[in-house]
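Hello,

Here is the structure I promised to pass on. Please open it first, then read my notes below.

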Amino acid sequence: MKNIVIIGMPGVGKTSVADAIGNMTELKVIDIDREIEREHGPIPEIFSKKGEPHFRALEKEAVAQAAKEKGAVIATGGGSVLDEENVHALQETGTIYWIRRPLEELAQNGRPLSAGGMDALEALWEKRKGLYAGAAHSELPNITIEGTAEEILKRHGQR
């Protein structure tokens, strides 16, 4: 079975949806940000002490590792799509589902790139929306965590 890969803006609910799918199916859940934090510490601290380029290198390493899995649910970081090699690895290993939510509904706490409020989120959205669209095999709104998880499973042939 191909992996289920979830992409989207920071705070859209990728981790929550991935965890819900894992609970519904018993598939292994790999959250890229959690993997980075487990090995290297809190992401805001990585950004403040070592900068975004260092974080992106750690993210690339974590994506490459996750892409080796089979039959897993992978929740990416919001910026994983910034690197073409990440996108290629994820497309090769799975079906990519882009979940969306209005910018004003995105969680912002503890997210370094969302810290500037709506102006920062809008700038991030403008920079990334084309990358999400180009990477995704399927797009859907995140209305509720369980509903979005069910819809992904249906589209993935698991329901």
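**Salt bridges and a cavity**

Glu69 forms a salt bridge with Lys28, and their closest N and O atoms are 3.3 Å apart. A salt bridge here is a side-chain nitrogen of Lys or Arg within 4 Å of a carboxyl oxygen of Asp or Glu. This pair links distant parts of the chain, 41 residues apart: Glu69 is in the loop between helix 3 (43-67) and strand 3 (72-75), and Lys28 is in strand 2 (residues 28-31). Helices (H or I, at least four residues) and strands (E, at least two) are DSSP runs, numbered from the N terminus.

A word on the source. This is a predicted model, where local features need pLDDT of at least 70 and side-chain atom pairs count only at pLDDT 80 or more, while totals for chains, interfaces and linings use all residues. Residues are numbered from 1 along each chain as its sequence is written, and side-chain values use heavy atoms, with hydrogens and water left out.

Buried means under 20% relative accessible area, exposed over 50%, and partly exposed in between (1.4 Å probe, protein chains only).

Next, look at helix 3. Glu52 and Arg56 both lie there, 4 residues apart, about one turn of the helix. Their side chains meet in a salt bridge (3.1 Å, N to O). Glu52 is partly exposed at 28%, but Arg56 is buried at 16%. Glu52, Arg56 and Glu59 are linked in a network of salt bridges.

Lys60 and Asp83 make another salt bridge (3.2 Å, N to O). Lys60 lies in helix 3 and Asp83 in the loop between strand 3 and helix 4, so the pair ties together parts 23 residues apart in sequence. The whole structure has 13 salt bridges.

A cavity is a set of points on a 1 Å grid over the protein atoms alone, where a 1.4 Å probe fits but cannot get out; lining residues have an atom within 4 Å of a point. Grid points are joined across faces, edges and corners, and a volume is the space filled by probe spheres set on the points.

How many cavities of 30 Å³ or more are there? The count is 1. The largest cavity holds about 30 Å³ of space. Its lining includes Ile7, Ser80 and Ala135. Helix 4 (residues 84-93) gives the largest share of that lining, 3 residues.

Best wishes

Terms used
1 Å grid on protein atoms, 1.4 Å probe; cavity = no way out; pocket = protein on both sides within 12 Å on 5 of 7 lines; lining within 4 Å.
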